[in-house]
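Q: Hello! I am new to this structure and would like a close look at one part of it, with some surroundings for context.

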Amino acid sequence: MASIGKQKASNLDKSLSKGKPEVNVATFALLFSEIVQYCQNRVYTVPELQSKLAEMGQHVGTHLLDVLFVREKGFKREIKLLSMLIFIKSNFWKTVYGREAEKLEQANDDERTYYIIEKEPLVNRFISVPKDKGSLNCAAFTAGMLEAVLNGANFPAKVTVHWHKGTCFMIKFDESVIARDKMIDSR
Amino acid sequence: MSRQAARTGDPRKVNGELFTLTYGALVAQLMKDYENDDEVNKQLEKMGYNIGVRIIEDFLARANSGRCNDFRDVADVISKVAFKMYLGITPVVSNWSPAGDEFSLLLENNPLTDFVELPEGHDSLNYSNILCGVLKGALEMIQMDVDVKFVQDHLKGDNITEVRLKFIKRLEDAVPVGED
């Protein structure tokens, strides 16, 4: 490093900011719109576009996870499935979107599947879906974030996005997660 | 519970970290797709330009800032009103050229670059180049042709982040052919 002459500051030398610096919703919306357009120019189909958005969301999610656990939970990880889901519904959602997620539900017929339902997620607020792309839901970006957060916390899961009572994030956990959770419960 | 309700955010604001990381995801994606710093700079500027031409309308509608008489007014409005409104920071306006057609915005903390470190070998990448595009696009919509570029960047080890704006010319309204 010394050979470069100029000394770059390392992020690890700085303390993690406590605060919640805020930016205008228009700034975010316009940036997100550019992201959607950029992704769209590089793909042919709606599912491809969604997976591209999810990929970007994952990038955001992996980076947010550590910040959240350090700040909200004092370095402690969640180990129980339900508390992890509640962490996402409340802490995660509140930090990222300023309020709790509207609904968290479990599927009646499948213990691996949970739903988080939001009437109007932030990323969709300024997006009008064109008629020929009816199934497109740009909250795929948020789904990517959720997936990365869950995977990073060692709850392997697939998160997909659907139009259902607004926007529905379907979280399908890996078999191993359920098995592990039962083991913890039985102890 | 009522305290929590009070803490729910202002709907006109978005968490800054979400914004920062989203921008980071975009730049990372561009780096993957283009593999070349200059191309990425160009792409970021283009995206910024698209944002700029749209953000100016929102700005004029909300800021109520009135007419600027000279480039100094413009500089003031950009730093004290526009940056404040959209990024929550107020860059310092300085380094005026003697002719008054060129100035710098000094950004002490750039919200785009929280959590960011440039890896080795990306010395020509202007990470926040989107800002140049935004400024250029927005000013172009109000008939100003301005050259915007990064001269110093905190991420590259400089003490401060400096964006230089140079006034080139006033754009005339292009009247469509056949109309007077």
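Where in chain B does B:Asn64 lie?

A: B:Asn64 lies in the loop of chain B between α3 (37-63) and α4 (71-87). Helices here are DSSP runs of H or I with at least four residues, strands are runs of E with at least two, and both are numbered from the N terminus. Before going on, please note that this is a predicted model, in which local features need pLDDT of at least 70, side-chain atom pairs count only at pLDDT 80 or more, and totals for chains, interfaces and linings use all residues. Residues are numbered from 1 along each chain as its sequence is written, chains are lettered from A and ligands numbered from 1 in the order in which they are written, and side-chain values use heavy atoms, with hydrogens and water left out.

B:Asn64 is not a glycine, yet its phi is positive, at about 55 degrees. The residue is exposed, with a relative accessible area of 70%. Exposed means over 50%, buried means under 20%, and partly exposed is in between, with a 1.4 Å probe and protein chains only.

B:Phe115 is found in the loop between β3 (102-107) and α5 (130-141) of chain B. With a relative accessible area of 34%, B:Phe115 is partly exposed.

A positive phi turns up in chain A too. There, A:Gly74 follows α2(A) and has a phi near 55 degrees. Helix α2 of chain A covers residues 46-73, which makes 28 residues. From its first C-alpha to its last it reaches 37 Å, close to the 40 Å expected at 1.5 Å a residue; the expected span is 1.5 Å times one less than the number of residues. At A:Leu64, α2(A) bends by about 30 degrees, the bend being the angle between axes fitted to the seven residues ending there and the seven starting there.

For the setting of that helix, chain A has 5 helices and 5 strands. Their order from the N terminus is β-α-α-α-β-β-α-β-β-α. The C-alpha atoms of chain A fill a box of roughly 60 × 50 × 30 Å along the principal axes. Chain A has 187 residues, of which 48% count as buried. Among its contacts (heavy atoms within 4.5 Å) with a separation of 6 or more, 58% join residues 24 or more positions apart.
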